[in-house]
Amino acid sequence: MDETALFKEKLAANGGSSAAKCFQCGTCSLKCPSANMRTSLRPAHLMRASLLGLRDEAMDGDAMWQCTTCYTCVEWCPCNVQVVDVIAALRNIAVSEGNLYGNHKKVAESLIKSGHTVDNNDRIRALRKDLGLREDPDTVIGGGSPKADFDKVLKLTGFDKLVGQ
């Protein structure tokens, strides 16, 4: 099997099989809020590359990471292509190959470190205190058994390895 076919197969196995239904009308890019906010995301370009099995074109750059998963593209698609699923499949392939978007990696590292996607830093602690809350919430961020249990889940799912921890 050639590289193009292997990529299409991998894309389908990761949930991106609906790319085959795309006929390149461009509605997804036209309606995409992210594409219209001066990001590099052009869903139609990602769909074209996915449809044709052009791995390097589909996986190159930051475009696939700019999708906010708002599903506007899916709502407007005349062929019911699950554009967000295709983009998620591209991301999954990238992550499985050790290519995690920088901002997502920071969030993932925070999740591994504290159990939260945002660090409970001094500024947040002060805000919590001003609001009459405990500085450290009663969640996995507080450590103890909940954090230990959460760490087990991260290890069992291999999440820590995907992030490179």
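Reply: In this predicted model, the buried residues of helix α1 are F7, L11 and G16. Seen down the axis of α1, these buried residues fall within an arc of 50°, so they line one face of the helix. What covers them includes α3 (43-52), α4 (55-59) and α6 (83-96).

Now check the span of α1, residues 3-16. A straight helix of 14 residues would span 20 Å at 1.5 Å a residue. Between its end C-alpha atoms, α1 spans only 17 Å.

Next come the charged pairs. The count of salt bridges is eight. R55 takes part in one with D56, where the closest N and O atoms are 3.6 Å apart. D56 has 57% relative accessibility, so it counts as exposed. R55 counts as partly exposed because its relative accessibility is 29%.

R55 also forms a salt bridge with E97, with the closest N and O atoms 2.2 Å apart. This pair links distant parts of the chain. E97 lies in the loop between α6 and α7 (102-114), R55 lies in helix α4, and they are 42 residues apart. At 32% relative accessibility, E97 counts as partly exposed.

Another salt bridge joins the side chains of D122 and R125, at 3.7 Å from N to O. Both sit in helix α8 (residues 122-130), three residues apart, so about one helical turn separates them. D122 is exposed at 63% relative accessibility, and R125 is partly exposed at 25%. Elsewhere, salt bridges that share partners join K10, R55, D56 and E97 into one network.

How values were computed: Residues are numbered from 1 along each chain as its sequence is written. This is a predicted model: local features need pLDDT of at least 70, side-chain atom pairs count only at pLDDT 80 or more; totals for chains, interfaces and linings use all residues. Side-chain values use heavy atoms; hydrogens and water are left out. Helices (H or I, at least four residues) and strands (E, at least two) are DSSP runs, numbered from the N terminus. The expected span of a helix is 1.5 Å times one less than its number of residues. Buried means under 20% relative accessible area, exposed over 50%, partly exposed in between (1.4 Å probe, protein chains only). The arc is that of the directions from the helix axis to the C-beta atoms. Contact means heavy atoms within 4.5 Å. A salt bridge is a side-chain nitrogen of Lys or Arg within 4 Å of a carboxyl oxygen of Asp or Glu.
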